[in-house]
Amino acid sequence: MGGYNFRPTERFDGSTIWDWLTTVDHKKIGILYVGSGLIFFLIGGVEALLIRLQLIVPDSGFVTPETYNQLMTMHGTTMIFLVAMPLLIGIMNYAMPLQIGARDVAFPFLNSLGFWLFFVGGLLLNLSWFFGGAPDAGWSSYTSLALNDYSPGPGVDYYVLGLQISGIGSLIGGINFIVTIVNMRAPGMTYLRMPLFTWTTFVTSALLLFAIPPLTVALLLLMLDRLFGTGFFSVALGGEVVIWEHLFWIFGHPEVYLVVLPVFGVFSDVISAFSKKTLFGYLSMVFATVLIGFIAFMVWVHHMFTDGLGAMANTIFGIATMAIAVPTGIKIFNWLFTMWGGKIRFTTAMLFSVAFIPTFVMGGVTGVMLAVVPADWQFHDSYFVVAHFHYVLLGATVLGLFSALYYWWPKMTGKLLNETWGKWHFWLFLFGFHLTFLPQHFLGLYGMPRRVYTYESSPMVDNINMISTIGSLGMTLGTIFFLYNIVVTQKRGQRAGADPWDGRTLEWTIPSPTPEYNFAQLPLVESYDPLWEAKMNGDGKVPAAEPLGSIHMPSSSYLPLFISIGMFVAGYALILHSYFVAVIGMIVVFAVMGVRSFEVDHGYHLEAEELTGSSNLSGKGVHGR
Amino acid sequence: MRQMKKWLVLLCSFLGISVSAGCTDANLSVLDPAGPVAEEQLWLMKLSIAIMVVVFLVVSVVFVYVVIRYREKPGDTSIPKQVEGSTILELTWTIIPIILLVILSIPAFRITFSQTEIPPKEESITINVIGHQYWWEYIYPDQDIRSSQDLHIPTGKKVNLVLRSDDVIHSYWAPNLGGKQNVIPGKDVPLVLQADKPGIYKGKCGKICGSGHALMNFRVVAQTPAEFDSWVQGMKNPKSKATSEKAALGETLFSQNCMGCHAVSGGGFKSQGVVGPDLTGFSQRLLVAGVVENNRENLGLWLENPQSIKPGNRMPAFEFLTDEQRDGLIEYLMNLK
């Protein structure tokens, strides 16, 4: 030891932390996404709780208006970018390769890079609370409010640079998933044999590919305006403020579907599994998913009906918006008819999926009401809209995420989450959710605008706000039960076998937790629901497509972490207007990229003798238990 | 069973509150229209709610039936029939929603076009509305007057507002009279409203515009055409001269401290400040700063510490005035007619 050597990482190689920091395993990266997503969920949740506590009575002095605007902005930004997206990408990362019978994603190195970019972006954004003040112009940061003249201080700079960095990570993730699904499906897994969650991952990744670039452009222009005094959005300098709205919503509307489509996949898989039935109308489900993904790009102007773009523009975008209701309705009825005639088991995962249906229908119908342009002139920017999008985002995304976590937790950790605690979590959260947001529709009709730190007192409005805040305490309590469940389960949870739910898809053919190589032998897929088919028409074992042999594995790498740290330094330096340090940060980024370009590392092989627990032998034929 | 009960309760409360809502907080409620624009919009809302309640009920009935009927019975180990789909059913729930949407969209878009039409000059009055952080300025080009915070309009006439912002995006919203439109820097956005009943209607800024956003309120004073005309005449010939010794002190203080930002026409001041609200005819103003009732006490509090009433506003505190000076200034302002 001692002296210089060419292996700078020798000292920590093999330690657990270094292993997680450098991992390129899609499963570990998935868990990293889920873990950090849950931490941000707590932060965003505390922000939400503080918002509701401020609004419990009118003229409350609990927080100042400035702090309120920061809380409100960070709550929205955190929940969308640092909670919904990473949790979904994490679950996709974990489950999707298993569902298509792949040993990894197409680009393991990029996968790691995507996670670390997301993570440092989120970290940067949240550091704003401690250094200089959080952004306060709303999660949509409309110009000119978000320009230096009206938002002095670094708050919005944190928003611009934090989101830019984590946005690059999301884009990389999307590309990776598309290539994985196109190239790495197991033999016999045709497109129309892919589970619905894989399908929605596929469409979502395509949305990422097309939706993130407009955001990148918008953030770049705003950065130039704020840091270098250009005038893209400054009217005084000949700029145009409405352009920001267009760019933001060309990203922002597909974003809504980015976080909703994957959970549609979750619901399809969960409802089918726990009803013991194949999915009703598979082909129309796939078609509806693709159609929703497509229309998602055609409707952004419905966020701008009050911008005076003219009756014709408003009408066209109103019709396009209403059209989304049709494929969504197809999905709702297909889920109902999947359960129809089935044998429904109400596990916690299933409860969350089932409760989603009426909740999301509520959010969907108010969505159509918002597409009625003259009515939207009244609804717009009022609490009606707040109620609507929480019904959609909580009613679909969050319920879906909980469902997915309860469903795949045993596969990820090898242990089942406790069902009793799970049901407490479910009922408290669901009841709290409806108590919080159902009354808010009426707040909007009684003239309460959104994003206000106080409201004009009147008996009805005061009561509804009080009820709403009480409801948010219910959600808080539910979430505490969930966290408690995680802790208890990690300590003394029930061990999950390979197939704890009597599953239908490929991930339930391999041991829990999944071995690092996923499948000792790649499965041969001969139908939709391959495991179910094997249980029905065979010995419960999905046939293997290859003999047991050596498996190629990618090597861990610390380079993604280093690139991300370089980006973090550059981003933070720009916020501090320290351009010299920013250049150093970018030099680090490009230098590490250079190192990567010349690196000779072909990974390693796991030989057949090293493989334990031969993967395809696990379908225990437990149907009908 | 629990599931079904909960949903029934939720649904009943939803329908129940909708019906009874008309009688609460009449001045800021979408459900209490005071003119044809807001009435048409409410009608559309009712139509869409009716259609959507039907949709929700259909889904709920199927949902409740399925969830109760098809629970797994203990001991029943049979495998349910694996149904792939049904073309007829799938077509049904594709076509019926399309029909419902067509029914909804035809009146919706007819009204979109009719309500964005700029009314002819003879039947309407045009007012330019300028949004500022965090107050409203009104210019009546045909009447050649300027006012702020309270929008005076004649009843029974289409009011053609031309909205524009001086700084950030705001949104002009008087729910009883019609929907909102954004107030955007560098761009004129039209908004047509109409009040048929005389009265005072509350208004709000809808778009977050900074720390004072929540309190960027205004009032719409709808008057009969005769009353409106006399208000216009009053604004054209305002009584802005001090009438008492006390007020004269205030007038002097005003010219020394206030006219840089605030205008009072007819007072003979050297400058007509445009940074803050125009205070001509201040005594008729309903609210101080759009937040608290306009009386001597509140005005005194406002002069002493404006941030305590409306956080984020640009008015400096005049806590250095002696009691006598403050009383004089209040006296002067409260006599502006």
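What share of the contacts in chain B with a separation of 6 or more joins residues 24 or more positions apart? It is 63%. Contact here means heavy atoms within 4.5 Å. Keep that in mind on the tour.

**Before you click**

This is a predicted model: local features need pLDDT of at least 70, side-chain atom pairs count only at pLDDT 80 or more, and totals for chains, interfaces and linings use all residues. Residues are numbered from 1 along each chain as its sequence is written, chains are lettered from A and ligands numbered from 1 in the order in which they are written, and side-chain values use heavy atoms, with hydrogens and water left out.

**Stop 1: chain A**

Select chain A. Look for 20 helices and 4 strands. Helices (H or I, at least four residues) and strands (E, at least two) are DSSP runs, numbered from the N terminus. The radius of gyration is 25 Å, close to the 25 Å that the globule rule gives for 625 residues, so chain A is as compact as a globular protein of that length. That radius is taken over C-alpha atoms, and the rule is 2.2 Å times the number of residues to the power 0.38.

Of the 625 residues in chain A, 67% are buried. Buried means under 20% relative accessible area, exposed over 50%, partly exposed in between (1.4 Å probe, protein chains only).

**Stop 2: M553(A)**

Select M553(A), in strand β3 (residues 551-553) of chain A. M553(A) counts as buried because its relative accessibility is 7%. Show its neighbours. Leaving out residues up to four places away in sequence, M553(A) touches E516(A), Y517(A), G603(A), Y604(A) and L606(A). M553(A) and S272(A) lie 281 residues apart in sequence and 33 Å apart in space, C-alpha to C-alpha.

**Stop 3: loops of chain A**

Go to the loop between β2 (494-495) and α18 (530-537) of chain A, where D502(A) sits. D502(A) is not a glycine, yet its phi is positive, about 60°. Is D502(A) buried or exposed? D502(A) is buried, at 2% relative accessible area.

Stay in the loop between β2 and α18 and pick N518(A). N518(A), not a glycine either, has a positive phi of about 60°. N518(A) is buried, with a relative accessible area of 0%.

Next, find the loop between α4 (108-127) and α5 (155-183), which holds S144(A). A cis peptide bond joins T143(A) and S144(A), with omega about 5°.

**Stop 4: chain B**

Switch to chain B. It has 8 helices and 12 strands. The radius of gyration of chain B is 27 Å, well over the 20 Å that the globule rule gives for 337 residues, so chain B is more spread out than a compact globule. The C-alpha trace of chain B spans about 95 × 50 × 35 Å along its principal axes. Of the 337 residues of chain B, 55% count as buried.

**Stop 5: a hairpin in chain B**

Select Y134(B), in the loop between β1 (124-132) and β2 of chain B. The peptide bond from Q133(B) to Y134(B) is cis, with omega near -5°.

Move on to β2 (residues 135-140) and β3 (residues 145-148) of chain B, which pair in the antiparallel sense over 4 bridges. Two strands pair if DSSP finds at least two bridges between them. Y138(B) stands opposite S147(B) in β3(B). What do β2(B) and β3(B) form? They form a hairpin with 4 residues between them. End in the turn, at D144(B): its phi is positive, about 60°.
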